[in-house]
Amino acid sequence: MAELKKTPLYAEHIAAGARIVEFGGWLMPVQYTGIIEEHQQVRNCAGLFDVSHMGEIVIKGPDAFNLVQKLITNDAARATGNRVVYSPMCYPDGGIVDDLLVYPQGEGEYLLVVNAGNIDKDFAWIRENAAGLAVEVSDISAATAQLALQGPRALGILQPLTDVELAPLGYYRWTKGRVLGVDCLISRTGYTGEDGFEIYFAAADAPAMWRQLLVAGQEADLVPAGLGARDTLRLEAALPLYGHELGPTISPLEAGLGRFVCLEKGEFNGRAALAAQKEAGIKRRLVGLAMVDRGIPRPEYPVLAGGREIGYVTSGSFAPTLGKNIALALVAAGTVSAGAEVEVSIRSRLHRAVVVDLPFYRRPRK
């Protein structure tokens, strides 16, 4: 087996008493004081996540735009100025290689942020698709750290520490500036359903940045948060996770990501398959479930309607903000709609659930 990777902050997590688990080939903190407590801190105050395990791949050269346009289902023409573009990346059959963020970095250069467990696979796939094109493809993941500062107090914590105005920075926009004296790329995307910022910078600066941010955020009740809270937060916001809602046997249309599939832009990997699927109608779709009976629906648990199996749970957990057990499930299209009662088979016993609209949680607008 390959040796598990560590982020530049591994020693910081150990010193903080974090519980460490394996995730996507990495040793990562799943919790510090507790998943529910960290979850609520992010919803009500702020949390700091080490997401340095995420991958960063640079595409640069005269054909960079053409390569990105070929790779993603969204329209790379939207990745201009300081706009961040989210997109699935598909195989020719419409299955998902990964989902990623595209940051335009000036003429003929793009930064792609990919999932931690997919870095090597994605890099190989991108290089394979780059054959014959005038581009350079570089994996800068090992040299790059990324922190996610999330929660309603994130802006107030970060603004005094940087030389750029953050309030005007819109959702899915990015800028460059210095944070605590370190050159950074700062974006406002997030994966928790809350406001917040992602900070990309040199890996060597990670320990000092981590410690100083936590000290600076003490009065605002900033806490370190682990992967456990990150997962419950993203589930409440109905944000997909590769390997659960997304994967090589699931298309973006089935995963509810049709708005990120731009068939009219021209050719790209998977276009023909996705166009045919859209024309014929999808056979499966992602739905939300709220449990009526006690029991936590876990991935792969069967979902039944009228005594017939119609699909399976992709993600499920107790939702701390909502105080109930919830799940995302991939089910046969046309079988159920919001308000319908279904059953989830949990350890061979049927537990009632109700189909609900997504997302489960939406942050209050100011």
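In the predicted model, Asp75 is in contact with Gln69, Cys262 and Lys265 when its neighbours within four places in sequence are left aside. Asp75 is located in the loop that lies between helix H3 (64-71) and strand S6 (85-90). Two polar interactions of its side chain were identified. The side chain of Gln69 forms a polar contact of 2.9 Å with that of Asp75, and a polar atom of the Asp75 side chain lies 3.0 Å from the backbone nitrogen of Ala77. Although Asp75 is buried, it has no salt bridge.

Asn269 occupies the loop between helix H7 (227-236) and helix H8 (271-280). Its relative accessibility is 11%, so Asn269 counts as buried. Outside the four places in sequence on either side, the contacts of Asn269 are Lys70, Leu71, Cys90, Tyr91, Trp125 and Asn129. With Asn129, the side chain of Asn269 makes a side-chain polar contact of 3.0 Å.

Strand S6 also belongs to an open sheet of five strands, ordered S6-S7-S8-S5-S9 with antiparallel pairing. S6 and strand S9 (136-139) are the edge strands, each pairing on one side only. On average, neighbouring strands of this sheet are turned by 30° against each other, direction ignored. Strand S5 (residues 55-60) runs antiparallel to S9, and four bridges join the two. Within this pairing, Ile57 has Asp139 of S9 as its bridge partner.

Technical notes
Residues are numbered from 1 along each chain as its sequence is written. This is a predicted model: local features need pLDDT of at least 70, side-chain atom pairs count only at pLDDT 80 or more; totals for chains, interfaces and linings use all residues. Side-chain values use heavy atoms; hydrogens and water are left out. Buried means under 20% relative accessible area, exposed over 50%, partly exposed in between (1.4 Å probe, protein chains only). A polar contact is a pair of N or O atoms within 3.5 Å; within protein, one must be able to donate a hydrogen and the other to accept it, and residues adjacent in sequence count only if both atoms are side-chain atoms. Contact means heavy atoms within 4.5 Å. Lys and Arg count as positive and Asp and Glu as negative; His and the chain ends are not counted. A salt bridge is a side-chain nitrogen of Lys or Arg within 4 Å of a carboxyl oxygen of Asp or Glu. Two strands pair if DSSP finds at least two bridges between them. Axes are lines fitted to C-alpha atoms, for helices over the stretch in contact, and angles run from 0 to 180 degrees between N-to-C directions.
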